Amino acid sequence: MFLHGTCRQNQHGHLEIGGVDALYLAENYGTPLYVYDVALIRERAKSFQQAFTAAGLRAQVAYASKAFSSVAMIQLAQEEGLSLDVVSGGELYTAISAGFPAERIHFHGNNKSREELQMALEYHIGCIVVDNFYEISLIEELCKESGYTVDVLLRITPGVEAHTHDYITTGQEDSKFGFDLNNGQTERAIEQILPSNHIRLLGVHCHIGSQIFDTAGFVLAAEKIFTKLDEWRESYSFISKVLNLGGGFGIRYTEEDEPLPATVYVEKIIEAVKANAERYSFSIPEIWIEPGRSLVGDAGTTLYTVGAQKEVPGTRRYAAVDGGMSDNIRPALYQAKYEAISANRIEEEHNTTVSIAGKCCESGDMLIWDIDLPEVKAGDLLAVFCTGAYGYSMANNYNRIPRPAVVFVEDGEAHLVIKRETYEDIVKLDLPFKTKVKQ
Ligand SMILES: *Cc1c(COP(=O)(O)O)cnc(C)c1O
């Protein structure tokens with residue numbers, strides 16, 4: 001068992017997060033409940049930024065808000081001096097509603113609609129990360145109509161795919177995202193953008209994977225990009241002011257995971273960019289990175305109440321909780337692993353093997369297989385760790401289960417930042433059968 005951030009055992013033998021007793025949180029806000037340790041988010045944000053500051057480099061650390069987007073979270077990101085990635089009109093709207101400075105917002109996505117692009121132009125956001133030829137012509141058209149100008153990065157696929165422990169290099173990447181760096185596509189995109197009076201090409205972007213524990217993939221991607229930058233300086237007199245190497249920095253979901261500290265990822269990236277800039281006689285471009293999971297993942301804990309149990313004699317014991325794939329779809333979607341403890345009996349020995357089931361109507365709705373807990377009883381409070389990224393943001397209303405509330409805790413105080421959905425919320429968009437809807 002291991003505890004993240006400010007999680008600890010208090011004098012009552014309960015789990016405490018950010019100085020707040022988990023039982024108090026459950027009683028006050030109900031379960032399931034997402035609890036975010038604000039101090040840990042701040043610490044992570046600072047460590048990504050520190051390495052750049054220490055190197056005296058201009059940089060942007062952009063929070064990939066798809067990991068967890070809410071008004072309060074975006075305001076916290078702003079307080080910590082982060083920039084922001086959005087990938088849809090909804091995420092952009094959330095950022096603007098939170099009062100986030102538009103000039104530090106970057107817009108991603110492989111199929112941005114005309115309306116979404118128009119919105120981005122009207123808000124004068126910092127840059128659009130252009131993904132495909134269709135998008136280039138849409139932006140050009142919209143800018144011509146409205147007179148706007150916009151900065152863009154080109155999203156390229158360098159032919160490096162990074163995975164948890166290793167990476168693979170592919171001549172041509174089979175991905176729905178971006179322009180291939182190796183087959184002339186990127187050059188065609190540059191040729192389309194450079195003559196534009198409306199679109200300014202700031203630089204290039206790549207994102208090579210997620211939950212990455214190694215730095216070799218980032219180093220290789222930087223090398224591949226610089227080789228091309230050298231050619232493009234020659235052929236187009238194009239100099240990339242910005243090099244965005246994406247996100248994907250790994251976190252520790254279970255004891256088996258061994259991610260690097262944030263500073264190490266950044267130091268290696270800086271080292272690689274510096275070395276290549278020197279080798280090709282470029283001044284060092286502004287380095288941007290885009291951590292999502294690694295800023296908020298281990299800061300999030302989900303509290304559940306245990307209900308029914310089922311024994312399959314000689315095989316397994318199931319304990320069901322009051323949530324499941326509706327608030328955390330990652331185990332069902334990609335066999336993600338989590339650790340959990342009994343939040344009300346933390347000091348008791350965790351020595352009884354049990355599997356944690358969700359309450360959704362799917363056999364695959366299992367949160368954790370075979371975990372050691374104290375002999376669980378109905379009413380026990382279960383804390384599942386590291387649910388801060390892609391938990392709430394992927395939450396859904398399967399089985400018409402209302403989405404849980406979200407609470408921020410820091411220095412002994414709790415703040416509700418997203419209300420729990422109600423049954424009224426569940427039916428609020430529904431219309432009665434045979435309603436005449438005005439066309
Ligand atoms: C998802 C994504 C990120 C963040 O990924 P994490 O694994 O959460 O760090 C960053 N950049 C882009 C373009 C992404 O699609």
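Student: Which residue in β2 is the bridge partner of Arg8?

Tutor: Happy to! In β2, Arg8 has Glu16 as its bridge partner. Before going on, note that this is a predicted model, where local features need pLDDT of at least 70, side-chain atom pairs count only at pLDDT 80 or more, and totals for chains, interfaces and linings use all residues. Residues are numbered from 1 along each chain as its sequence is written, and side-chain values use heavy atoms, leaving out hydrogens and water.

Arg8 belongs to β1 (8–9), and this strand runs antiparallel to β2 (residues 15–17), with 2 bridges joining them. Strands here are DSSP runs of E, at least two residues, numbered from the N terminus, and two of them pair when DSSP finds at least two bridges between them. The order β1-β2-β3 makes an open sheet of 3 strands with antiparallel pairing. β1 and β3 (20–21) each have a single partner strand, so one side of each edge strand has no neighbour in the sheet.

For the ligand, Lys66, Gly248, Glu290, Arg293 and Tyr390 come nearest among the 14 residues around it (a heavy atom within 4 Å). Lys66 places a polar side-chain atom 2.6 Å from a ligand oxygen atom. Taken alone, the ligand exposes 390 Å², and the protein buries 93% of that (Shrake-Rupley method, 1.4 Å probe).

How values were computed
A polar contact is a pair of N or O atoms within 3.5 Å; within protein, one must be able to donate a hydrogen and the other to accept it, and residues adjacent in sequence count only if both atoms are side-chain atoms. Helices (H or I, at least four residues) and strands (E, at least two) are DSSP runs, numbered from the N terminus.
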